[in-house]
Amino acid sequence: MTIIVLNFKTYRESTGVEALRLAEICEDISQEYSVQMAVVPQVADIHAISKAVKIPVFAQHVDGVGYGGFTGHITAASLKAAGASGSLINHSERRLKLAEIDAAITACKSVDLKTIVCTNNVATTQAAAALNPDYVAVEPPELIGSGIPVSKANPDVIRGSVAAVKAIAPSVGVLCGAGITHGEDLKSALELGSEGVLLASGIIKAKDQRKALEDLVTGAR
Ligand code: G3P
């Protein structure tokens, strides 16, 4: 089943009550069109959203630290307690060092949270796959928020990431993202071998978010 992961980032249109409203739309779309959707709100919105919807709720970031004196960090245990199903790790807007990515994956696994490690090219996809997350999501940073879909502008980074992951850790899923907005963008992302997309502005900044999501899903069929 196609996977669509909607990153709420810190957009006004997906913060607080707006985040809740958008998560409910995503749940409707997931049910109506039989696609697997996950939402990625800000950490302060996770608890309310996970209570309100049944689709998976992911965090945008998690730190690889445990209980103790770690002021300002986000622990996997606190995300789990808030109702999260998983977390993004190493998003282009929240980069980590390799050892921190490894620690964050380990922390998530210890409390049974899913992990999506973001990468920016085939080489970093290879490195991330070797750490055995559930998914890698390759997103060339220059295309993020551009409206120019990675699946058209740089199909080789998707093809190369899929091949690299297959060679290193075939159980790791591959998502892609950056500039994905329309059904045709999703369709070509799937044709290039990814299992789904990680996206944000094309939906969140749309005048009608529900219609934008419907167009994305139906246009890919
Ligand atoms: O996490 C998704 C993201 O970075 C892609 O953003 O706005 O290009 O869909 P956008």
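Reader: Which side chain meets arginine 210 in a salt bridge?

Author: The model is a predicted one. In general, a salt bridge is assigned when a side-chain nitrogen of Lys or Arg lies within 4 Å of a carboxyl oxygen of Asp or Glu. Here the partner of arginine 210 is aspartate 28, with an N to O distance of 3.0 Å. Aspartate 28 belongs to helix α1 and arginine 210 to helix α10, so that the pair links parts of the chain 182 residues apart.

Reader: Is arginine 210 buried or exposed, or does it fall in between?

Author: Buried means under 20% relative accessible area and exposed means over 50%. Arginine 210, at 31%, is therefore partly exposed, and aspartate 28 is partly exposed because its value is 26%.

Reader: What is the accessibility of lysine 9, and with which residue does lysine 9 form a salt bridge?

Author: Lysine 9 counts as buried, because its relative accessibility is 12%. Its partner is glutamate 93, the closest N and O atoms being 2.9 Å apart. Glutamate 93, at 48%, counts as partly exposed.

Reader: Which residue pairs with lysine 205?

Author: Glutamate 13 does, with the closest N and O atoms 3.0 Å apart. Glutamate 13 lies in the loop between β1 and α1, and lysine 205 in the loop between α9 and α10, 192 residues apart.

Reader: How many salt bridges does a search of the whole structure find?

Author: The search finds eight. Shared partners join Lys152, Glu184 and Asp185 into one network.

Notes:
Residues are numbered from 1 along each chain as its sequence is written. This is a predicted model: local features need pLDDT of at least 70, side-chain atom pairs count only at pLDDT 80 or more; totals for chains, interfaces and linings use all residues. Side-chain values use heavy atoms; hydrogens and water are left out. Buried means under 20% relative accessible area, exposed over 50%, partly exposed in between (1.4 Å probe, protein chains only). Helices (H or I, at least four residues) and strands (E, at least two) are DSSP runs, numbered from the N terminus.
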